[in-house]
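User: I am new to this structure. Please take me through some of its parts.

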Amino acid sequence: MRATTIHAPGDIRFEEVPDPVIEEPTDAIVKVVAGCICGSDLWPYRGANDIDAGSTIGHECVGVIEEVGSAVKDFKPGDFVIVPFCHCDNTCAHCVAGVQAACENLGFTASGQGEYSRVTQADGSLVKTDGMPDASLIPSLLTLSDVMATGWHAAVSAGVKPGGTTVVIGDGAVGLCGVLAAAQLGAERVVAMSRHEPRQAIARAFGATDIVAERGDEGGARIAELTKGVGADSVLECVGTDESMKTAFAIARPGSTVGFVGVPHGVELPVRRMFQKNVGLAGGMAGVRRYLPDLLERVLSGSIDPGKVFDLTLPMAQSAEGYRAMDERRAIKVLLQP
Ligand SMILES: [Zn+2]
Ligand SMILES: [Zn+2]
């Protein structure tokens with residue numbers, strides 16, 4: 001098959017690689033209908049993560065089942081499925097407790113920007129639609145493989161509930177989905193911290209009531225103003241840098257929880273402030289499968305349209321241009337078609 005590969009920072013190629021094959025009886029092979037580039041793919045692209053030269057990249061996709069292993073009972077060739085970026089059996093102690101991201105049989109999508117992708121633990125991981133979905137729904141369904149579920153996880157982890165003020169730090173696709181999640185979960189005021197007009201517009205469409213363009217101390221002062229000095233009832237940290245984490249704890253009201261889903265890079269927690277203000281930290285890698293049935297229902301019923309985060313669609317063969325566009329912030333999120 002042909003798939004997107006990474007050879008070195010900034011070196012993305014679309015080239016011939018071995019087809020993924022059934023390796024375990026619980027596996028399925030999915031023919032990718034749409035894949036996309038994730039903000040977290042930019043970490044290796046920018047040299048912040050180690051790279052296994054020539055390996056496939058891309059962990060977000062939807063597609064049609066091509067083949068299943070002998071132990072797969074719930075899916076058959078032809079089913080349209082959403083592929084969570086992390087695979088789980090959905091039966092072990094951690095899955096049953098709702099922490100599918102720590103499944104005893106955890107696996108990951110490895111070629112979501114290629115023509116085919118292998119899913120380990122197909123029965124536990126995948127959800128299917130009733131027949132082939134309308135093409136207009138594909139972008140929103142694709143966000144369920146990661147960013148929408150991750151934004152939702154941030155909101156759930158931060159304890160967003162009806163009423164109150166939620167602040168979302170990060171205006172990438174996950175942050176924007178966090179805005180949508182907070183609004184869906186009933187936050188009265190949803191503040192998106194964003195300096196970029198196109199992203200602000202999507203945040204508003206997703207339910208943001210306020211936009212704060214300032215960052216750091218200035219941003220903190222604006223949130224203090226908006227909350228009459230009390231601080232935010234819940235904060236979603238959707239970036240993963242030390243600066244964004246510091247901002248999160250600076251604006252979280254005493255007794256609240258910061259929900260974090262940005263992959264941490266160089267973060268030092270302000271433990272003294274957390275102690276003095278009784279502010280907690282919860283979240284981490286999203287166990288996508290936990291939220292999938294609910295989110296799928298919300299997409300199919302039209303109550304959410306997270307596919308708006310895609311502002312550029314390219315043929316998969318041009319994935320390198322997709323990476324450049326996201327790296328240079330010319331695109332929020334890039335959808336790739338095989
Ligand atoms: Zn992702
Ligand atoms: Zn499990």
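Analyst: Helix 6 (173-184), strand 12 (189-193) and strand 13 (210-212) are among the elements that cover the buried residues of helix 7. Contact here has C-beta atoms, placed from the backbone, within 7 Å; helices (H or I, at least four residues) and strands (E, at least two) are DSSP runs numbered from the N terminus. The model is predicted: local features need pLDDT of at least 70, side-chain atom pairs count only at pLDDT 80 or more, and totals for chains, interfaces and linings use all residues. Residues are numbered from 1 along each chain as its sequence is written, and chains are lettered from A and ligands numbered from 1 in the order in which they are written.

User: Which residues of helix 7 are buried?

Analyst: A residue is buried with 20 or more other C-beta atoms within 10 Å of its own, exposed with 12 or fewer, and partly exposed in between. In helix 7 (residues 197-205) the buried residues are Arg 199, Ile 202 and Ala 203.

User: Is Gln 121 buried or exposed?

Analyst: Gln 121 is in the loop between strand 9 (116-119) and helix 3 (122-125). Its phi is positive, about 55 degrees, although Gln 121 is not a glycine. Because Gln 121 has 27 C-beta neighbours inside 10 Å, it counts as buried.

User: How many other C-beta atoms lie within 10 Å of Asn 90?

Analyst: Asn 90, in the loop between strand 7 (86-87) and helix 2 (93-96), also has a positive phi, of about 65 degrees, without being a glycine. Asn 90 is partly exposed, and the number of other C-beta atoms within 10 Å is 18.

User: How is helix 5 oriented to helix 11?

Analyst: Axes are lines fitted to C-alpha atoms, for helices over the stretch in contact, with angles from 0 to 180 degrees between N-to-C directions. The axes of helix 5 (residues 147-157) and helix 11 (residues 288-300) come within 9 Å and cross at roughly 105 degrees. Angles under 35 degrees count as roughly parallel, over 145 as roughly antiparallel, 65 to 115 as roughly perpendicular and the rest as oblique. Helix 5 is therefore, relative to helix 11, roughly perpendicular.

Conventions: Contact = placed C-beta atoms within 7 Å.
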